[in-house]
Amino acid sequence: MTNCIKPDQYVIILGAMKCGTTSLYTYLEQHPEICPSMNKEPFYFPNYFAPKSNIKEYHKLWKFDSKRHKYALEASTCYTAYPSVKNVPESMYNYGIRPKFIYIVRDPFERILSHFNHIKTDPSLMFQEEHQQPIHTCMYWTQINSYFDYFHQDSFLFVDFDDLKFKPALVMTKVYEHLEISKDHYPKRYMIKNAAKNGSHFQNTLRKLFPQLSYYEKSNIVSKVRDSISSRLFPPVEKRSLTKSEKDFIYLQLREDMILLKSNTNIPVNKWGFN
């Protein structure tokens, strides 16, 4: 039976699709002090879902053992998808949880292109207002600033996707320090992994049915099944780069937000071309 989880015993990974949330979740779920959610992305707090009766329903997402676990972990990308998804920080606060947050940011040009390639949609659609959510999601300061109305900024750790990809051990050290958990349990290996690629639902099912399987065992099963059917169900789609006009459009949409992000968090947005 799930033991009661205290308000400050949650850790929530924030970040948009294609920002490495799955990789970081994978690294953290291997730590003995971390209890991963039975579903990596429960999407519990968005206001377009029916209100939950009480916090006990949220607790049911974990097999939390207070004798060995310090944190209950989840990573729902929709928690930083304003304005498509609204009132998430307020909903969390009103539920009475007081999490530690880890927010992953990525070069917005790369993230937006990866997003469109992932959903197999032409990036030129973003010139239409109804298709600009991939850009809105990269307004990192706008996304995270709403959380500061409810949670102290010290609760947040900002992680650069490039660091997670190229210096994962350094990132994990910072994460362990942020969460104040043992540094004796680093991941056995590192990889940028996006389990959502045609396989996240299957992998979540495996997690529930076979909790004894390691992440890598589940990943291997997913990979083999996906590879065997992908050529039939997911025919290859030509990927392309952003045009100059598309990059200029993104720059103009994001510049003000990026300036605020740098001034408030010291994230080096200049390396993404925002001066």
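Residues 24 or more positions apart account for 76% of the contacts in the protein chain with a separation of 6 or more. Contact here means heavy atoms within 4.5 Å. The model is a predicted one: local features need pLDDT of at least 70, side-chain atom pairs count only at pLDDT 80 or more, and totals for chains, interfaces and linings use all residues. Residues are numbered from 1 along each chain as its sequence is written, and side-chain values use heavy atoms, with hydrogens and water left out.

**The chain as a whole**

The protein chain has 11 helices and 5 strands. These elements are DSSP runs, numbered from the N terminus: helices are H or I with at least four residues, strands are E with at least two. Of the 275 residues, 48% count as buried. Buried means under 20% relative accessible area, exposed means over 50%, and partly exposed lies in between (1.4 Å probe, protein chains only). The chain exposes about 14,100 Å². Carbon and sulfur atoms supply 52% of that area. Accessible areas come from the Shrake-Rupley method with a 1.4 Å probe; for residues, only the protein chains shown count as cover.

Take helix H1 (residues 21–29) and helix H8 (residues 168–179). Their axes come within 12 Å and cross at roughly 65°. Axes are lines fitted to C-alpha atoms, for helices over the stretch in contact, and angles run from 0 to 180 degrees between N-to-C directions. The crossing of H1 and H8 is right-handed. A crossing gets that name if the near helix is turned clockwise from the far one by less than a right angle, and is left-handed if anticlockwise.

Which residues make the contact? H1 brings Leu24, Tyr27 and Leu28, while H8 brings Met172, Val175, Tyr176 and Leu179. The residues of this contact divide into 7 nonpolar, no polar and no charged. Ala, Val, Leu, Ile, Met, Phe, Trp, Tyr, Cys and Pro count as nonpolar; Asp, Glu, Lys and Arg count as charged; the others, Gly among them, count as polar.

**Salt bridges**

How many salt bridges does a search of the whole structure find? It finds 9. A salt bridge is a side-chain nitrogen of Lys or Arg within 4 Å of a carboxyl oxygen of Asp or Glu. The table includes three of them.

| Lys | Partner | Closest N and O atoms |
|---|---|---|
| Lys40 | Glu41 | 3.3 Å |
| Lys271 | Asp162 | 3.5 Å |
| Lys183 | Glu177 | 2.8 Å |

Start with Lys271 and Asp162, whose salt bridge has its closest N and O atoms 3.5 Å apart. This pair links distant parts of the chain: Lys271 is in the segment after helix H11 (244–265), Asp162 is in helix H7 (residues 161–166), and they are 109 residues apart. Lys271 has 41% relative accessibility, so it counts as partly exposed. Asp162 is also partly exposed, because its relative accessibility is 22%. Asp160, Asp162 and Lys271 are linked in a network of salt bridges.

Now the other two pairs. Lys40 and Glu41 are both buried. Lys183 is partly exposed, with a relative accessible area of 38%.

Most residues other than glycine have a negative phi, and most peptide bonds are trans.

The peptide bond from Tyr82 to Pro83 is cis, with omega near 5°. Pro83 sits in the loop between strand S3 (71–74) and helix H3 (88–95). His136 touches this spot: leaving aside its neighbours within four places in sequence, His136 is in contact with Tyr82, Pro83 and Gln143. His136 lies in helix H5 (residues 133–137). Is His136 buried or exposed? At 19% relative accessibility, His136 counts as buried.

Phe43 is not a glycine, yet it has a positive phi of about 50°. Its place is in the loop between strand S2 (34–36) and helix H2 (55–59). Phe43 counts as partly exposed because its relative accessibility is 28%.

Asn266 also has a positive phi, near 65°. Asn266 is found in the segment after H11. At 67% relative accessibility, Asn266 counts as exposed.

**A pair across the sequence**

Ser66 lies in the loop between H2 and S3. Its relative accessible area is 43%, so Ser66 is partly exposed. Ser66 and Lys6 are 60 residues apart in sequence and 9.3 Å apart in space, C-alpha to C-alpha.
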